[in-house]
Amino acid sequence: MSSAERADLGRVLCIITGASRGFGRTVALEMSRLVKPGSVLVLAARSGDDLRALQAELAESEAGRAGVKVESVAADVGQTEGLEKVVRTSTEAFSGDMDHLVLVNNAASLGDVSRYAKSFTNMAEVDSYLSLNVSSSLCLTARVLQAFPQRPGLRRTVVNVTSLCALQPFRSWVLYCTGKAAREMMFRVLAEEEPDLRVLNYAPGPLDTAMQVEARSKTADSSIRKSFLDMFAQGQLLTCEASCAKLMKLLLEDNYASGAHVDFYDL
């Protein structure tokens, strides 16, 4: 069967960070519908209550009743202990009949958008932001690839949830733009180094999430803030479901160039 004709993603171990709400939560729900029975979703986020609610919803879903299992990991992936917990849970969940490993690096934060670049004099503040938004995704990806090395019969896919901000500067968004740009280059390098690995930088577009509320209310630059307010007022924000559908289509077709930046609006 060619990749264009693939009806599902296989018997999958799928690890999703930032899975308790927003886009990550939607990815978990949609992924559960596209994997075979016997697959396991490892869902990581800081909010244990939200994760348990999602785990219960998935258990009662058609996919859950068909045999898709869910492991929830309440952990801060910005800390080494959190990464270790995610990887340990994933290795325990993996079984020899699984044929596809999928890692979705979704966990991220907006950072302080109420200030301009020249105000960021505190290294500890910047380091803390970059630890969650850059370092953790590199270290988690590296740990997962070491835990699940290349072998015959196992496809491996790494998704980085990126943004237009990885390519374009937004005034007063210095932390977010820097984090997204660094993270995307990191995965482009990975794609060059690991030709057997499928790497996708997916930009989901302007989503109607809590992060957008924060952007509309706190962005220091008036023109940037107005652009977000206008998108909201004109109904131009995307639902997580609409954007996630395009991500799932990309993964099913599997014909993107590894390491490529693919935006919702490119499809």
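User: How many disulfides does the structure hold?

Analyst: There are 0 disulfides here, counting cysteine sulfur pairs within 2.5 Å. A disulfide is a covalent bond between two cysteine sulfur atoms. This is a predicted model, where local features need pLDDT of at least 70, side-chain atom pairs count only at pLDDT 80 or more, and totals for chains, interfaces and linings use all residues. Residues are numbered from 1 along each chain as its sequence is written, and side-chain values use heavy atoms, leaving out hydrogens and water.

User: What is the strand order of the open sheet?

Analyst: Strands are DSSP E runs of at least two residues, and helices are H or I runs of at least four, numbered from the N terminus; strands pair through at least two DSSP bridges. The 7 strands follow the order 3-2-1-4-5-6-7 with parallel pairing. Strand 3 (69–74) and strand 7 (260–263) are at the edges, each with a single partner, so one side of each lacks a neighbour in the sheet. Strands 5 and 6 share 5 bridges, and V161 stands opposite Y202 in strand 6.

User: What does F23 touch?

Analyst: Contact means heavy atoms within 4.5 Å. Leaving aside residues up to four places away in sequence, F23 touches several residues, including V161, Y202 and L247.
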